[in-house]
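Subject: The structure for you to look at

Hi there,

Here is the structure I promised to hand over. Have a look around it, and then read on for what turned up.

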Amino acid sequence: QVQLQESGPGLVKPSQTLFLTCTVSGDSITTDYNDWFWIRQSQGKGLEWMGAVKWTGHIYYNPSLMSRTSISRDASTNQFTLQLTSVTPEDTAVYYCARDSDWVVRDWGKGTQVTVSS
């Protein structure tokens, strides 16, 4: 069974950089045909896909967030990360990491609340 766990600060100040880590167990992030997603949900809004790192190592982003987002992975620790720069209160959300395989999101982390406030 694949498990994902997000970790990072719960509170970030405006203009700072948010850094989150997703730790994966039960499968390798380099296993063929798995993509690893970052998704967020703001209060009262739907899910927003932020970007992903493929099993090949290729990284792709939501165009609307691309200028502020950076995703990376570390196969040695079986983790992948999210950086979001120049955060504003609009970035307040629950952030999830997830595993996609064959175009279906199959496993989710529990999510971590991030609040942007001074």
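Let's begin with the aromatic rings. A search of the whole structure gives six aromatic pairs, where rings of Phe, Tyr and Trp (its six-membered ring) pair if their centres lie within 6.5 Å, and planes under 30 degrees apart count as stacked, over 60 as edge-to-face and the rest as tilted. In one of these pairs, the ring centres of Trp 36 and Phe 80 are 6.0 Å apart and the planes are at 50°, so the pair is tilted. This pair links distant parts of the chain, with Trp 36 in strand β4 (residues 34–41) and Phe 80 in strand β8, 44 residues apart. Strands here are DSSP runs (E, at least two residues), numbered from the N terminus.

Are these two residues buried or exposed? Trp 36 counts as buried because its relative accessibility is 0%, and Phe 80 is buried with a relative accessible area of 0%. For these words, buried means under 20% relative accessible area, exposed over 50%, and partly exposed in between (1.4 Å probe, protein chains only). Trp 36 and Phe 80 also belong to one aromatic cluster with Trp 38.

Before going further, a word on where this comes from. This is a predicted model, in which local features need pLDDT of at least 70, side-chain atom pairs count only at pLDDT 80 or more, and totals for chains, interfaces and linings use all residues. Residues are numbered from 1 along each chain as its sequence is written, and side-chain values use heavy atoms, with hydrogens and water left out.

Next, the cysteines. The count comes to one disulfide, meaning a pair of cysteine sulfur atoms within 2.5 Å. Which residues does the disulfide join? Cys 22 is joined to Cys 97, with an S to S distance of 2.1 Å. The torsion about their S-S bond is about 70°, so the disulfide is right-handed. Here too the pair links distant parts of the chain: Cys 22 is in strand β3 (residues 18–25) and Cys 97 is in strand β9, 75 residues apart. Cys 22 is buried, at a relative accessible area of 0%, and Cys 97 counts as buried at 0% relative accessibility.

Now for the charged side chains. The structure holds six salt bridges; a salt bridge is a side-chain nitrogen of Lys or Arg within 4 Å of a carboxyl oxygen of Asp or Glu. The Arg 40 and Asp 91 pair links distant parts of the chain, from strand β4 to the loop between β8 and β9, 51 residues apart. As for burial, Arg 40 counts as buried at 5% relative accessibility, Asp 91 is buried at 2%, and Glu 48 counts as partly exposed at 24%.

Another salt bridge joins the side chains of Glu 90 and Lys 45 (3.8 Å, N to O). Glu 90 sits in the loop between β8 and β9 and Lys 45 in the loop between β4 and β5, 45 residues apart. Glu 90 counts as exposed, at 57% relative accessibility. Salt bridges that share partners join Arg 40, Glu 48, Arg 68 and Asp 91 into one network.

Then there is the backbone. Most residues other than glycine have a negative phi. Asn 78 has a positive phi, near 55°, and its place is in the loop between β7 (69–74) and β8 (79–84). Ser 86 also has a positive phi, near 50°, and lies in the loop between β8 and β9 (93–101). Which of them is buried and which is partly exposed? Asn 78 is buried, with a relative accessible area of 14%, whereas Ser 86 is partly exposed at 41%.

Last, the surface. Leu 47, Val 105 and Trp 108 make a nonpolar surface patch of about 260 Å². Patches are made of residues with over 30% relative accessible area and no salt bridge, with like charges joined within 9 Å and nonpolar side chains (Val, Leu, Ile, Met, Phe, Trp, Tyr) within 5 Å. Accessible areas come from the Shrake-Rupley method with a 1.4 Å probe, and for residues only the protein chains shown count as cover. Leu 47 lies in strand β5 (residues 47–54).

Enjoy exploring!

Methods
Helix = DSSP H or I, 4+ residues; strand = E, 2+ residues; numbered from the N terminus.
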